[in-house]
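Reader: Hi! I'm new to reading protein structures. Could you pick one part of this one and take me through it slowly, along with what surrounds it?

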Amino acid sequence: MTAPGIRGWHAIAGSMAVFLLCGCAPDGGRVVVVDGSSSLYPLAEAVSEAFAREHPAARIVIRISGSGGGLRRFCEDEADIATASRLMTAAEMARCRGKGRRFLALPVARDGVAMVVHPANEAVACLTLAELGRIWGPDAAVTTWRDLRPALPAEKVRLFGPGIDSGTFRFFTRVVVGRPGASRTDYYRTEDDHLIVRGVAGDLWSLGYFGSAHHAAHADRLRMLAVDTGFGCVLPTPAAIRDGRYSPLSRDLYLYVKRALLADRDVFDFIEHFVSASELLARETGYAPLPAAEYSRSRALLSEARSDALGQSAGDPGDPRALAGRGQNPPGIRTATHPGRVPRRDPS
Amino acid sequence: MTRPPSRRDPVGTACRVAAIALLVVFLVFTAYLGYTASQVVNIDFLREASSGVAVSAGIGPALAGTIWLLLLTAVLALPIGIGTAIYLEEYAPRTRVTAVIESVAANLAGIPSVIYGIVGLALFVRALGMGPSILAGGCTLAVLALPVVIVSSRTAIRGVPEGLRLAAYGLGATRWQVVRNQILPAAGPGILAGCCAAFTRTAGAAAPLLVLGTATFMSFAPQTPAHPLTSLPTQIFAWATRSQEEFAALAAGAALLLLLLLLAMNLVGALVVRRLNGASR
């Protein structure tokens, strides 16, 4: 059984070698691959389209694998840039640095986790954080709306939410349940927000959650619920997300960028464009833009990291910036843990 | 028993109804696709890249991706598949090993295509370091096509009359001369038909490619197999699951195009089969 099989694989490997040899890109820029969060997809798509219009030779690719999946592919070198709706966990960071990757995290926009229901469901308008915990927690006993509040109808709550590779999922469970990843499992799970939109829009007594920016395109098919975090019911509008009234269910969305790739002009230009264009495009695609100072800080970090990368790739040991780039604690780690903004861990 | 004899053939009637129903289903399906697609299909649709704005979205990169994938599948799967079939039928001694290969090939054809994607992710994308590229997609689809190519080629080769072989050997032909001059010309049409079936299966496969990792947005058409993976079926999937209604028309347009591409491919296959049949007579 093995003899012809092995011969077959050799033939495949041989043909592959031939194709790889003639497969070097002939012209045009470097292919820039973005992978990750579906919460950030509308912004990433708008940014890339604008960039491709201005630079027709640019080659941009976006994939959706969820924040966790995107970060994994980023560390495996299957993607150049990861989009994430959360920061890397300590374990992820250790694994990625163990593979020799050095990277920066740049916040590009802010959104909230929006709770959505069918537009004809007018029985409920606002949920408290505690109620969300009772619905989505790992040992949730809520199966009908009446289980939640006696005044609500005894209809089954059909739940739609993100899957385990989603950053929104980890963020939401951390805030609402207290442990990232702790959730009931008997609901429709997907990394694709579009499927959540379809699910909730197709069922009168459904409930779902995803990044609030996705709601902008579907305002006629879904209704957002306000969430009471202790200071009254607040809808996740860009204004409320921006001024912090929707915290703790609002979060920053990040780009993860490999420092070594910044030496490449095409990659650097695209990332620079992403950061600069986000301020305007975030608003258009339904996110809350960050304060202007955040964007200029990211730009400063980027150009600093680019000179480091250039110094390193030139291999000039006399360049002090090159040495700084090889240091034990590169500047990227500062941003990755974000001293400027304390990660909101406590739901209360 | 009062009906005229020609009407008393229930099996024949049932078969006729089934055939007509199939035709009706196909026509309705195509008409629906064509109607939905007519709003979006134009020359720009063929050229442009996908977009978040439905009116400016196109299938340029996806179409190029699918053409690359078909080429790669052909280059990889046909020589290996047909070669294996010839080896099994004409060269290999009938041992337990060849019997196992036979049943493995036959059973592989029935495995859900998503499994091929999982294997492709581990083998081509990760272990062989191809990344989620057109090349990795082509290799995965080639493996997906192999069992069908092998099984149908073997059936075609087995259909060649034994007398043809014996006569050629009797005239002193070597084994390769028999294969080259007798078996392949006689079995050619059957092999080609099987390859067409295998190609139709792989050209429409979205699941294995989605597992490898496909582009949701791509600003350029892939020019080499090293470029990131994209294809018509995965683009159709991305648009069909997208929640805005406008994208359903785009999905229909891309589906119609894929259908036309497959029809054209099968038509060319049928013409070649007919030519071969004419030549061998």
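Author: Happy to! Let's begin with one term: a residue is buried if 20 or more other C-beta atoms lie within 10 Å of its own. Keep in mind, too, that this is a predicted model.

Which of its residues are buried? They include Asp193(A), His194(A) and Leu195(A), along with Ile196(A), Val197(A) and Val200(A).

What do the buried residues of α8(A) pack against? Within chain A their partners are the strands β4 (103-117), β6 (158-162), β7 (188-190) and β8 (206-211), and from chain B the helix α10 joins in. Let's visit some of these neighbours in turn.

Start with β6(A). Four of its five residues are buried, so this strand is largely enclosed by the rest of the structure. β6(A) runs parallel to β8(A), and three bridges join the two. Here you can find Phe160(A) opposite Gly208(A) of β8(A). β6(A) is also parallel to β7(A), again with three bridges, and in that pairing Gly161(A) has Arg189(A) of β7(A) as its bridge partner. As a general rule, in a regular strand the side chains alternate between the two faces of the sheet.

The buried ones are Leu232(B), Pro233(B), Thr234(B), Gln235(B), Ile236(B), Phe237(B), Ala238(B) and Trp239(B). As for its setting, chain B has 11 helices and one strand, and in sequence order they follow the pattern α-α-α-α-α-α-α-α-α-β-α-α. The C-alpha trace of chain B spans about 70 × 70 × 35 Å along its principal axes, and 43% of its 281 residues count as buried.

Which of them gives the largest share?

The axes of α2(A) and α10(A), a helix of residues 265-284, come within 9 Å and cross at roughly 120°. The two helices are therefore oblique to each other, and the crossing is right-handed. On α2(A), the contact is made by Leu43(A), Ala46(A), Val47(A), Ala50(A) and Phe51(A), while α10(A) brings residues including Phe270(A), Phe274(A) and Leu281(A). By class, this contact has 10 nonpolar, two polar and one charged residues.

Follow the chain on to Thr285(A), which sits in the loop between α10(A) and α11(A). Is Thr285(A) buried or exposed? Thr285(A) is buried, because it has 23 other C-beta atoms within 10 Å. Beyond its neighbours within four places in sequence, Thr285(A) is in contact with Pro42(A), Leu43(A), Ala46(A), Ala213(A) and Ala216(A). The C-alpha atom of Thr285(A) is 9.8 Å from that of Ala44(A), although the two residues are 241 residues apart along the chain.

To finish, step back to chain A as a whole. Its secondary structure comes to 13 helices and 11 strands, and 47% of its 348 residues count as buried. Among the contacts in chain A between residues at least 6 apart in sequence, 73% join residues at least 24 apart.

Conventions. Residues are numbered from 1 along each chain as its sequence is written. Chains are lettered from A and ligands numbered from 1 in the order in which they are written. This is a predicted model: local features need pLDDT of at least 70, side-chain atom pairs count only at pLDDT 80 or more; totals for chains, interfaces and linings use all residues. A residue is buried if 20 or more other C-beta atoms lie within 10 Å of its own, exposed if 12 or fewer, and partly exposed in between; C-beta atoms are placed from the backbone. Axes are lines fitted to C-alpha atoms, for helices over the stretch in contact, and angles run from 0 to 180 degrees between N-to-C directions. Angles under 35 degrees count as roughly parallel, over 145 as roughly antiparallel, 65 to 115 as roughly perpendicular and the rest as oblique. A crossing is left-handed if the near helix is turned anticlockwise from the far one by less than a right angle, and right-handed if clockwise. Two residues are in contact if their C-beta atoms, placed from the backbone, lie within 7 Å. Ala, Val, Leu, Ile, Met, Phe, Trp, Tyr, Cys and Pro count as nonpolar, Asp, Glu, Lys and Arg as charged, and the others, Gly among them, as polar. Two strands pair if DSSP finds at least two bridges between them.
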